[in-house]
Amino acid sequence: MQQPDDDLERSEIEALAATRAELGAEYDAALLSSFADRVEVAIDQRVRWVLAESHRSSEVARRRDGQQTTLGILSVVAAIPISIVLGLNEELTALLIAWIGIVAVNLAHAMAVRRAREVRPDR
């Protein structure tokens, strides 16, 4: 959804005042009612746009959180057989390196997500 244009410009308010001056007081109610309707439409458009942007932002955040959870689960699932094999073969150095790598990948992803939120806090 595109950001709504600001339809109500200063020139329109000036035109309303000029029209009011030309037509006289008997048309005040009709002119003001018409202008109020336009203001209401512009406000409604802006509110819908803001709500749509907010919804889109929350969807992006939810997707990122889901990716982080998925990465964490897959890391643990991958770590189990690696740990079993290296632990049974008494390869403690390799086991430590494997776990450091798994933690580093998860940490790097979490930091990238955090950086993205800091750059675009509305998302």
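1. Buried residues of H2. In this predicted model, the buried positions of H2 are Asp28, Leu31, Ala42, Trp49, Glu53, Ser57, Val60, Ala61, Ser75, Ala79, Ser83 and Leu86. The list includes the acidic residues Asp28 and Glu53. These buried residues pack against two helices, H1 (10-23) and H3 (92-119).

2. Length of H2. Helix H2 covers residues 28-88, which makes 61 residues. Just after H2, Glu90 has a positive phi of about 55°.

3. Overall make-up and shape. The chain holds three helices and zero strands, in the order α-α-α from the N terminus. Its radius of gyration is 30 Å, whereas the globule rule gives 14 Å for 123 residues; the chain is therefore more spread out than a compact globule. Along the principal axes, the C-alpha atoms fill a box of roughly 95 × 20 × 15 Å.

4. Of the 123 residues, 15% count as buried. Among contacts with a separation of 6 or more, 70% join residues 24 or more positions apart.

5. Surface and charge. The accessible surface of the chain is about 9,300 Å², and carbon and sulfur atoms contribute 62% of that area. There are 14 positive and 19 negative side chains in the chain. The centres of these two sets are 7 Å apart.

How values were computed:
Residues are numbered from 1 along each chain as its sequence is written. This is a predicted model: local features need pLDDT of at least 70, side-chain atom pairs count only at pLDDT 80 or more; totals for chains, interfaces and linings use all residues. Side-chain values use heavy atoms; hydrogens and water are left out. Helices (H or I, at least four residues) and strands (E, at least two) are DSSP runs, numbered from the N terminus. The radius of gyration is taken over C-alpha atoms; the globule rule is 2.2 Å times the number of residues to the power 0.38. Buried means under 20% relative accessible area, exposed over 50%, partly exposed in between (1.4 Å probe, protein chains only). Contact means heavy atoms within 4.5 Å. Accessible areas come from the Shrake-Rupley method with a 1.4 Å probe; for residues, only the protein chains shown count as cover. The place of a charge is taken as NZ of Lys, CZ of Arg, CG of Asp or CD of Glu. The expected span of a helix is 1.5 Å times one less than its number of residues.
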